[in-house]
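Here is a short report for a first look at a protein model. Keep the sequence and the 3D view open while you read.

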Amino acid sequence: MSTLPNCPQCKSEFTYEDNGMYICPECAHEWSATAPAEAAEEARVIKDANGNVLQDGDSVTVIKDLKVKGSSLVVKVGTKVKNIRLVDGDHDIDCKIDGIGQMSLKSEFVRKA
């Protein structure tokens, strides 16, 4: 068994060491062998419009009318969205809204319910 750490980006176990650097052959990520493991894994914190920290599975309420791009539908103020999933990117919430379907939202337009 290898005692080398898994890749912090893709979690691959096939890492190798080269000149004081760890390298992942699957995603080509390189990181220092002397750097602490906690520094490589930064926790992302996504907050709602009021500053409350959001987590996967939370329920949120929309605080502004949102037009659905490419459609004449509108997500109305007060629409409750259950079981959100946090993702990376500009629109950092993936969810399913009744009557509309799968959608991505920005956390600045919701508040924790």
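Which residue in S3 stands opposite methionine 21? It is serine 32. Keep in mind that this model is predicted.

**The sheet**

Methionine 21 and serine 32 face each other across a strand pair. Strand S2 covers residues 21-23, and S2 and S3 pair in the antiparallel sense over 3 bridges. These strands belong to an open sheet of 3 strands. The order is S1-S2-S3, and the pairing is antiparallel. Strand S1 (16-18) and strand S3 (30-32) are the edge strands, since each pairs on one side only. On average, neighbouring strands of this sheet are turned by 35° against each other, direction ignored. In general, strands of a sheet pair through backbone hydrogen bonds.

**An aromatic pair**

The structure has 1 aromatic pair. In this pair, the ring centres of tyrosine 22 and tryptophan 31 lie 5.6 Å apart. Why is the pair called tilted? The planes meet at 50°, and planes under 30 degrees apart would count as stacked, while those over 60 would count as edge-to-face. Tyrosine 22 is buried, and tryptophan 31 is buried too.

How many disulfides does the structure hold? The number is 0. Cysteine 7 is in no disulfide, and the nearest cysteine sulfur, that of cysteine 27, is 3.6 Å away. For cysteine 10, the closest cysteine sulfur is in cysteine 24, at 3.5 Å. Cysteine 7 is buried, with a relative accessible area of 1%. Cysteine 10 is partly exposed, with a value of 33%.

**Two buried aspartates**

Next, look at two loops. Aspartate 92 sits in the loop between strand S8 (85-86) and strand S9 (93-97). Is aspartate 92 buried or exposed? Its relative accessible area is 12%, so aspartate 92 counts as buried. Aspartate 92 and leucine 105 are 13 residues apart along the chain, yet their C-alpha atoms are separated by 6.4 Å. Leaving aside neighbours within four places in sequence, aspartate 92 is in contact with several residues, including Ile46, Arg85, Leu105 and Lys106.

Aspartate 58 lies in the loop between helix H1 (37-40) and strand S4 (60-62). Aspartate 58 is buried, at 14% relative accessibility. Beyond its neighbours within four places in sequence, aspartate 58 is in contact with Val53, Val81, Lys82, Asn83, Ile84 and Lys112.

**Positive phi angles**

Most residues other than glycine have a negative phi. Which value does phi take at lysine 11? It is positive, about 65°, although lysine 11 is not a glycine. Lysine 11 is found in the segment before S1. Asparagine 83 also has a positive phi, near 55°, and is a residue other than glycine. Asparagine 83 is one of the contacts of aspartate 58. Asparagine 83 is in the loop between strand S7 (80-81) and S8.

The table gathers accessibility values for residues discussed above.

| Residue | Relative accessibility | Class |
|---|---|---|
| Cysteine 7 | 1% | buried |
| Cysteine 10 | 33% | partly exposed |
| Aspartate 92 | 12% | buried |
| Aspartate 58 | 14% | buried |
| Lysine 11 | 47% | partly exposed |
| Asparagine 83 | 57% | exposed |

Why does asparagine 83 count as exposed? Its relative accessibility is 57%, and exposed means over 50%.

Terms used. Residues numbered from 1 in each chain as written. Predicted model: local features only at pLDDT ≥ 70, side-chain atom pairs only at ≥ 80, totals over all residues. Heavy atoms only, no water. Disulfide = S-S within 2.5 Å. Buried < 20%, exposed > 50% of the residue type's maximum accessible area, 1.4 Å probe, protein only. Helix = DSSP H or I, 4+ residues; strand = E, 2+ residues; numbered from the N terminus. Contact = heavy atoms within 4.5 Å. Phe/Tyr/Trp six-rings, centres within 6.5 Å; stacked < 30°, edge-to-face > 60°. Pairing = 2+ DSSP bridges. Axes fitted to C-alpha atoms, helices over the stretch in contact; angles between N-to-C directions.
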